Amino acid sequence: MKCPRCDGNKIEVIATSPVGNVWEVYECMDCFYSWRSTETPHIHDKFKLKKEQIDTLQVIPPIPPLDK
Amino acid sequence: MAKVYQDLRSFLSTLEENGQLVRIKEEVNPEPDIAAAGRAAANIESGPAVLFEKVKGYPYSVVTNVHGSWANHALMLGMDKTATTKEQFHEINRRWDRFPVKPEILKREEAPCKENTIDKAEDINLFELLPLYRINDQDGGFFLSKASIITADPNEPDNFDKLNVGTYRIQVKGKNRVGIQALAFHDIAIQLEAAERKNEKVPICITVGNSPLVTYMASTPVMYTQNEYEFVGALQDGVPTQIVQSDLYKNLYVPAGSEVVLEGYIEPRVREVEGPFGEFPGSYSGSRRQCVITITHVTHRTNPIFENLYLGIPWTEIDYLMALNTSVPLYQQIKRDFPEVQAVNAMYTHGIGCIISTKVRFGGFGKEVAFRLLSTPHGGSYSKIIIIVDEFVDPFNLPQVMWALTTRVRPDKDVVVIPNCPGMPLDPSSYPAGMHSKLIIDATTPKDPEPNPREVELLEPPAGYEKYEALIRKLMSEM
């Protein structure tokens, strides 16, 4: 299984339906996109991520320097 | 004495009694049904809260649009559901002056939020507790959009005035792991920075499903040293709100009636991808690297109700939630220095658009009032389009505001743009995100020493018009 957003292949099942066996929730461990097995994700091009983009995304809030 | 709620459930009962809550009893899919109902309820005049009793695969119920109409907003205040927006504005202001009202601290065994406890991190599963769902199609995951989040100042952990109760978006990233958005100008970011400078965890409680005024104050921009719980008591017209100590942190207090309390910590100096998320300006904010929280302890009521809100192109529930609770604190902060100010309408996109009515003491006074708005903590970054009108113009009456603009403004001297100021980064016209220009339109009547060469006399309503207004209303109601 591939991540529909970043094409990463580190996908984990983070939940199964507590009632019945009706869905699972998957998450990409590279970009943290998550989706339910009952969904058909269609990520708009604007929101797709390449692996090299992930490290350069804006950091909010900025990490301050450590106190000396 | 106005009706007061100490938890979400009692408010839902009041909404139902007043025809402002509907139940969907049939099983629904998490996507897209719950978000679709949130949009639909916002499209309906005086839209009700919508309670889904059965969500496929989940054991518990979910409610949305709890604050999503002026009728629900009035009932939150214990007012008649037909109260106008302006009446509600003035009632909140009246109660605001009661601040501070100390909260009532309950014993653990008295607090409904402690009915059930999960004390091992490995036993926590947010998907069992909350019927999580995607709110907007391109959201990066399932979000809590209406939680009230409690943190303390790491440099003064026992200072109750600096205990922060705020609303920040939360992305679920695992059974006991979530992301949080803490923007640099938010109160929680002050606390986060102090902790991260020392590489310390930030203790945090995320509370879901609260009394309506707790949620209301959590999303109200009050001063950093003003405690939100003490404002809830004020807005409850002097009745203290009930809180209880967190199980993990003796200096954190949570609403005693919460449906679910998640306790844990923000991991210091860690950022990972969060978003996109459909935000209040009616568009998505993109992916950014943001903070992460590990949840290690949970308490919850039996059969907890998950309260969440839908955000879409305005107006949706969030616009009702953030309308007067943005207007009132800005009014209170400005009128402290400028008692001439009559009312502030900051209902447009969380105060990005703002209309202020004021008496004018001297030439240029309108602009001075605008500058004061721009020097409030919230107005400084959020407010971008500021319209100042005379005291006889009702800022909540947009046709009257348009009249003031069309008859009072001389664009060459009354319209000012100030470049390179702080901006609200989620406003898609802010560039770079967090910077913006400010537009001030002074639609007040010129006053000495500013010349007013064509001074006019305003039209007065004919004598006896009130009598005819009542008569016409009566005749119409009899038709």
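This is a predicted model: local features need pLDDT of at least 70, side-chain atom pairs count only at pLDDT 80 or more; totals for chains, interfaces and linings use all residues.
Which elements of chain B do the buried residues of α1(B) pack against?

**Figure 1. Helix α1 of chain B and its buried face.** Helix α1 covers residues 8-17 of chain B, and B:Leu8, B:Phe11, B:Leu12 and B:Leu15 are buried within it. Viewed down the axis of α1(B), the buried residues fall within an arc of 105 degrees, so they line one face of the helix. An α-helix has 3.6 residues a turn, so residues three or four places apart point the same way. The buried residues of α1(B) pack against the strands β1 (21-24), β2 (49-52), β3 (61-64) and β19 (305-307), and against the helices α3 (70-76) and α7 (212-218), of chain B. On the face of α1(B) that is turned away from its buried side lie the exposed residues B:Ser13 and B:Glu17. Just after α1(B) comes B:Gly19, which takes a positive phi of about 70 degrees.

**Figure 2. Strands β1 and β2 of chain B.** Two of the strands that the buried residues of α1(B) pack against, β1(B) and β2(B), are themselves joined by four bridges and run parallel. Within this pairing, B:Leu21 stands opposite B:Ala49 in β2(B).

Figure 3. Strand β18 of chain B covers residues 288-300 and is mostly covered, with ten of its 13 residues buried. Strand β14 (residues 260-266) of chain B pairs with β18(B) in the antiparallel sense over seven bridges, and here B:Leu262 has B:Val298 as its bridge partner in β18(B). Strand β10 (residues 177-180) of chain B is joined to β18(B) by four bridges, again with the two strands running antiparallel, and B:Cys291 in β18(B) is the bridge partner of B:Ile180. Strand β5 (residues 116-118) of chain B is antiparallel to β18(B) and joined to it by three bridges, with B:Asn116 standing opposite B:His300. Strand β15 (residues 272-274) of chain B also pairs with β18(B) in the antiparallel sense, over three bridges, and B:Glu272 has B:Gln290 as its bridge partner in β18(B).

**Figure 4. The surroundings of B:Ala443.** B:Ala443 is found in strand β24 (residues 435-443) of chain B. Because it has 24 C-beta neighbours inside 10 Å, B:Ala443 counts as buried. When its neighbours within four places in sequence are left aside, B:Ala443 is in contact with residues that include B:Ile387, B:Ile388, B:Val389, B:Ala404 and B:Leu405; the others among these contacts are B:Arg408, B:Val409 and B:Asp414. The C-alpha atom of B:Ala443 is separated by 55 Å from that of B:Thr302, a residue 141 places away along the chain.

**Figure 5. The open sheet of chain A.** From the N terminus on, the elements of chain A run β-β-β-α, and its three strands form an open sheet in the order β1-β2-β3 with antiparallel pairing. The edge strands are β1 (11-16) and β3 (34-36) of chain A, each of which pairs on one side only. Neighbouring strands of this sheet are turned by 25 degrees against each other on average, direction ignored. Five bridges join β1(A) to β2(A), whose residues are 24-28, and A:Ile11 has A:Cys28 in β2(A) as its bridge partner.

**Figure 6. The contact between chains A and B.** The contact takes 30 residues from chain A and 37 residues from chain B. On the side of chain A that touches chain B, β1, β2 and β3 of chain A each supply at least two residues. The residues on this side of chain A divide into 20 nonpolar, six polar and four charged. Chain A has a radius of gyration of 16 Å, whereas a compact globule of 68 residues would have one near 11 Å. Buried residues make up 26% of the 68 residues in chain A, and 53% of the 479 residues in chain B.

How values were computed
Residues are numbered from 1 along each chain as its sequence is written. Chains are lettered from A and ligands numbered from 1 in the order in which they are written. Two strands pair if DSSP finds at least two bridges between them. Axes are lines fitted to C-alpha atoms, for helices over the stretch in contact, and angles run from 0 to 180 degrees between N-to-C directions. Two residues are in contact if their C-beta atoms, placed from the backbone, lie within 7 Å. Ala, Val, Leu, Ile, Met, Phe, Trp, Tyr, Cys and Pro count as nonpolar, Asp, Glu, Lys and Arg as charged, and the others, Gly among them, as polar. A residue is buried if 20 or more other C-beta atoms lie within 10 Å of its own, exposed if 12 or fewer, and partly exposed in between; C-beta atoms are placed from the backbone. The arc is that of the directions from the helix axis to the C-beta atoms. The radius of gyration is taken over C-alpha atoms; the globule rule is 2.2 Å times the number of residues to the power 0.38.
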